[in-house]
Amino acid sequence: MARIFVDGDDLVVHLSWREKAAARHGHVRAPLTAVSRVTVEPDWWRALRGVPQRGVWIPETWCVGTRSHPAGMDFVAIRPGRPVVCVELRASSSAPLSLLGVSVPTRAEATATAQSICGKAPDIDTSTPWRQPLPVPEENSS
């Protein structure tokens with residue numbers, strides 16, 4: 001099962017060999033300076049944004065890989081029925097993803113993980129405990 005933790009100045013999503021193969025992606029790293037908000041989503045499906053790109057998407061079983069949407073790309077490693085730690089990232093060249101979503105076995109562990117990341121990231125936005133909505137593309141009136 002994927003794990004999310006802080007390693008030095010980086011936030012790391014450590015994947016099992018099976019998850020690496022399914023996602024066609026190695027471990028994910030992002031600098032702590034890119035972390036803007038950390039939340040816990042109790043409903044796993046709410047952490048999924050956009051459309052699947054690379055990875056495995058088996059509804060009600062397993063979702064691992066990248067997803068694209070108008071605001072960029074997300075990386076998720078989610079198992080249904082478990083809370084998800086959602087880490088929003090600022091846009092930068094060192095962090096091309098906009099969200100990392102990782103399932104955690106229990107709500108208590110998810111809360112502890114989120115608090116640990118918040119305590120180590122230098123500039124967290126605490127203005128709201130919820131994730132920010134995705135921008136809506138402008139409509140053309142053709």
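Analyst: Happy to. A salt bridge is a side-chain nitrogen of Lys or Arg within 4 Å of a carboxyl oxygen of Asp or Glu. This is a predicted model, where local features need pLDDT of at least 70 and side-chain atom pairs count only at pLDDT 80 or more, while totals for chains, interfaces and linings use all residues. Residues are numbered from 1 along each chain as its sequence is written, and side-chain values use heavy atoms, with hydrogens and water left out.

User: What makes Asp 43 and Arg 46 a salt bridge?

Analyst: Their side chains meet with N to O at 3.4 Å. The cut-off is 4 Å, so the pair counts as a salt bridge.

User: How many salt bridges does a search of the whole structure find?

Analyst: The search finds six. One of them joins the side chains of Arg 29 and Asp 10, at 3.2 Å from N to O. That pair links distant parts of the chain, with Arg 29 in strand β3 and Asp 10 in strand β2 (residues 10-14), 19 residues apart. Strands here are DSSP runs of E with at least two residues, and helices are runs of H or I with at least four, numbered from the N terminus.

User: Why is Arg 29 called partly exposed?

Analyst: Buried means under 20% relative accessible area, exposed means over 50%, and partly exposed lies in between (1.4 Å probe, protein chains only). Arg 29 has 44%, so it is partly exposed. Asp 10, at 24%, is therefore partly exposed as well.

User: And is Thr 113 buried or exposed?

Analyst: Thr 113 has a relative accessible area of 16%, which is under 20%, so Thr 113 is buried. This residue is found in helix α2 (residues 107-120).

User: Which residues does Thr 113 touch?

Analyst: Thr 113 touches Ile 4 and Val 85, not counting residues up to four places away in sequence. Contact means heavy atoms within 4.5 Å.

User: How do you know how many disulfides there are?

Analyst: A disulfide is a covalent bond between the sulfur atoms of two cysteines. The test is a pair of cysteine sulfur atoms within 2.5 Å, and a search of the whole structure finds zero disulfides. As for the cysteines themselves, Cys 63 is buried because its relative accessible area of 6% is under 20%. Cys 118 has 30%, so Cys 118 is partly exposed.
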